[in-house]
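Work through the exercises below with the sequence and the model side by side. Try each task before reading its solution.

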Amino acid sequence: MSSITLLGTGTCQIEYERRASSVLLELDQTHILFDCGHGIAQRLLEVGVLHHQLSHIILSHFHPDHVSDLIPILQAGAWSQRDPRSSDLHIYGPEGVQQLIDGLMRIFGPRSFQQPGYQVRVHEITDEHFSIEDYHFESLSLPPAGNHGLRFQWGEKTYAITGDSHFHEQEINLLRGSDLAIIDAGHISDAEIVELAVATQTPHIICSHLYRNLDGPQLQREARQRGYHGTLQVGYDLLSFNL
Ligand SMILES: [Zn+2]
């Protein structure tokens, strides 16, 4: 079974109901985490994924609310007495990801994060296309935070996750042709969310990375009035879809 789960729909804000931005992909038996800000190590446990079962983490960019739970995940791999890691952990990200991991290793000491039985392997994504095992992904630049959105196909459908973005041509291009998109709705206005839906006609758009409460039904009404035919939904932590 394959699924997509919003582990965190929040931001740097510390809130009861939203952890920082993160999406878990389960493709066949492979777990791939897209971003891991604060609270996500715990959210993984809540959806039944133990830290050592996670082999792949993709980072959209290097703001703390998208990367900070790398620290507990790496440390648990090396030092947790329950379920210590025995297989490699692959970390993918745009240019600078090697520097980020090297920096963490320097600050905390490599012994905090690694054991001889496995490797932490860093993959700097320099192309718009990359693969994890047999799965193919697109990594697309979405200004202005140095962020890269993720797009992939599964079965007949195309999925897009923006990470951290704004309303611009690149964002429209990422969503166009996607069947389901999880968007950064926190950095854009209500009018821009509606505009994005109308311009892309993405059949299902889920608003995430939320700094404020959104009125989902109102957004949906406005988008419909403007000629949007799809579903505009406000995301929440642990919202999950089978693929
Ligand atoms: Zn962010």
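The model is predicted, so local features need pLDDT of at least 70 and side-chain atom pairs count only at pLDDT 80 or more, while totals for chains, interfaces and linings use all residues. Residues are numbered from 1 along each chain as its sequence is written, and side-chain values use heavy atoms, with hydrogens and water left out.

**Exercise 1.** Find the protein donors of the zinc ion and their spacing along the chain.

Step 1. Donors are N, O and S atoms within 2.8 Å of the metal (3.2 Å for Na, K and Ca); water is not among the atoms, so sites may look incomplete.
Step 2. His66 (NE2), Asp164 (OD) and His209 (NE2) are the protein donors, and they lie 2.0 to 2.2 Å from the zinc ion.
Step 3. Along the chain, these donors follow the spacing H-x97-D-x44-H.
Step 4. Histidine 66 in helix α2 (residues 64-67) and aspartate 164 in the loop between β10 (157-161) and α5 (169-175) are 98 residues apart, a pair that links distant parts of the chain. Helices (H or I, at least four residues) and strands (E, at least two) are DSSP runs, numbered from the N terminus.

**Exercise 2.** Decide whether histidine 66 is buried or exposed, and list its contacts.

Step 1. Buried means under 20% relative accessible area, exposed over 50%, and partly exposed in between (1.4 Å probe, protein chains only).
Step 2. Histidine 66 has a relative accessible area of 0%, so it is buried. Aspartate 164 is buried too.
Step 3. A polar contact is a pair of N or O atoms within 3.5 Å; within protein, one must be able to donate a hydrogen and the other to accept it, and residues adjacent in sequence count only if both atoms are side-chain atoms. The side chain of histidine 66 makes such a contact with the side chain of aspartate 65 at 3.5 Å, and another with that of histidine 209 at 3.3 Å.
Step 4. Contact means heavy atoms within 4.5 Å. Leaving out residues up to four places away in sequence, histidine 66 touches, among others, Ser21, Asp35, Cys36 and Gly163.

**Exercise 3.** Which strands pair with β1, and in what sense?

Step 1. Two strands pair if DSSP finds at least two bridges between them.
Step 2. Strand β1 (residues 3-8) and strand β2 (residues 22-27) are antiparallel, with five bridges. Strand β14 (residues 240-242) also runs antiparallel to β1, with three bridges.
Step 3. Threonine 5 has leucine 24 as its bridge partner in β2 and serine 240 in β14.
Step 4. Six of the six residues of β1 are buried.

**Exercise 4.** Where is glycine 216, and is it buried or exposed?

Step 1. Glycine 216 is in helix α7 (residues 216-225).
Step 2. Its relative accessible area is 12%, so glycine 216 is buried.
Step 3. What is the volume of the largest cavity?

Step 1. On a 1 Å grid over the protein atoms alone, a cavity is a set of points where a 1.4 Å probe fits but cannot get out; lining residues have an atom within 4 Å of a point.
Step 2. The largest cavity has a volume of about 70 Å³, and β11 gives the most to its lining, with three residues.

Notes. 1 Å grid on protein atoms, 1.4 Å probe; cavity = no way out; pocket = protein on both sides within 12 Å on 5 of 7 lines; lining within 4 Å. Points joined across faces, edges and corners; volume = space filled by probe spheres on them.
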